[in-house]
Amino acid sequence: MAWKLAQSSHVDRIFAAPGNGGTAGTPSCTNIPVPVDDSQALRRFALDNHVDLTVVGPEQPLVAGIVDQFAADGLKIFGPGKAAAQLEGSKAFSKAFMNRQGIPTGWARVFTDFELAADFVHDLDDLPVLKASGLAAGKGVLLPDSRAEAVEQLRMMMVGRRFGDAGTTVLVEERLHGPELSILAFCDGVNLQLVPAAQDHKRLLDGDLGPNTGGMGAFAPSPLATKEILDAVEHQVLRPTLAGMAAEGSPYQGVLYAGLMLTERGPMVLEFNCRFGDPEAQVILPLLQSDLVELMLACTDGTLAGHNPDWSAESAVTVVMASGGYPDDYETGKPIHGLPESSDFDSCQLVFHAGTKVDESDRRDDGEYQPALLTDGGRVLSVTATGPDFKAAVNRAYQSVEQICFEGAVWRTDIGIHVAQSQENSP
């Protein structure tokens with residue numbers, strides 16, 4: 001987002017809190033050492049520095065109510081308020097809301113007692129999906145292969161507190177079948193504007209194997225998103241969500257993300273996010289040709305109806321490079337090598353930083369020293385490329401991936417491959 005916001009003619013300066021190695025090198029951007037969960041310090045900084053627009057990236061501050069706190073001080077901020085952010089912050093709330101509003105989704109039972117949940121699973125005819133109700137950094141959805149495994153996973157969540165407080169309430173949910181699709185929309189409380197649909201890859205390993213992660217890559221626009229699918233999602237999911245939130249006293253402003261499965265019964269909602277997805281943002285924002293600041297201000301001001309965003313006709317692919325051991329235990333502090341200088345990059349190739357930091361502990365004054373870039377998280381980098389078709393975008397993305405290295409680096413080698421092959425084989 002910092003990269004895209006920096007392209008706006010309305011922007012003179014950007015502050016990233018706390019920022020990372022990528023925002024440190026973004027034009028007009030300065031990292032500030034304020035944690036994302038310190039809403040009071042962020043509010044004071046915005047007031048003291050006369051910040052005109054605050055953009056909330058992660059889900060935690062949204063769920064904690066940072067938008068309401070900033071708005072109370074007259075600060076303009078992009079994102080849903082605390083009540084609306086429950087759509088992501090509580091899967092139990094979200095499921096109940098969808099049921100009230102008639103939004104298509106799978107059945108679910110909510111449990112706070114492990115024994116009751118285990119008994120329910122034993123009596124099911126089919127294997128369910130298990131979901132931690134609270135925020136679990138994209139890792140709280142489990143797909144057991146047997147009833148015994150389902151019970152053990154419930155035990156880990158509800159008794160062993162694998163996901164902390166996020167897993168004390170658990171949804172035992174219908175396991176839907178079909179391809180997944182991510183459809184996002186800018187929203188101003190009443191109106192919405194769709195963005196190009198993306199497909200995320202949640203599993204760690206090629207072929208959609210291995211554990212669920214926060215996302216190992218994505219591509220956009222998805223060929224699954226036909227006009228019929230988009231119309232169905234807009235009128236059966238997104239517009240009823242906006243109308244329902246407004247009717248319940250929590251108008252939704254910001255980006256609404258619907259994670260969907262395309263089933264034999266039609267598109268059904270797996271989850272809502274209250275922000276740009278990661279890594280969906282990395283393939284969506286490079287396709288946006290309109291001014292992102294203008295769109296965000298229109299959402300906060302309730303004037304989105306007067307905007308029609310312009311999108312590139314190209315394709316975009318992003319490949320996530322993660323730390324060895326992710327999504328479980330992993331080491332950080334590994335030097336990152338091979339990142340090309342911006343002047344070496346084709347204009348269609350980008351590297352977005354996630355879990356990185358700049359190490360200046362050994363900075364010297366000789367003018368030749370370059371501070372080291374180190375890994376600082378599970379998902380470290382997202383290597384993104386665009387092209388006239390998916391074959392070109394895939395090739396460009398993986399060419400860049402091969403240039404970059406850090407100890408233990410892991411990535412999938414099949415992001416966007418099947419859609420590129422499909423395009424190549426089509427008449």
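Lys 334 touches Leu 373, Leu 374, Thr 375 and Glu 407, leaving aside residues up to four places away in sequence; contact means heavy atoms within 4.5 Å. The model is predicted: local features need pLDDT of at least 70, side-chain atom pairs count only at pLDDT 80 or more, and totals for chains, interfaces and linings use all residues. Residues are numbered from 1 along each chain as its sequence is written, and side-chain values use heavy atoms, without hydrogens and water.

Lys 334 sits in the loop between β17 (315-322) and β18 (349-353). Helices (H or I, at least four residues) and strands (E, at least two) are DSSP runs, numbered from the N terminus. Lys 334 is buried, at 15% relative accessibility. Buried means under 20% relative accessible area, exposed over 50%, and partly exposed in between (1.4 Å probe, protein chains only). The Lys 334 side chain makes a polar contact with the side chain of Glu 331 at 2.8 Å. Such a contact is a pair of N or O atoms within 3.5 Å; within protein, one must be able to donate a hydrogen and the other to accept it, and residues adjacent in sequence count only if both atoms are side-chain atoms.

The loop between β17 and β18 also holds Pro 327. The peptide bond from Tyr 326 to Pro 327 is cis, with omega near 15°. Another cis bond joins Ala 220 and Pro 221, with omega about -5°. Pro 221 lies in the loop between β14 (217-220) and α9 (227-247).

Positive phi values occur at His 50, about 55°, and at Asp 208, near 60°. Most residues other than glycine have a negative phi, and most peptide bonds are trans. His 50 lies between α2 (39-48) and β3 (54-55), in a loop, and is exposed at 64%. Asp 208, in the loop between β12 (203-205) and β13 (209-212), is partly exposed at 46%.
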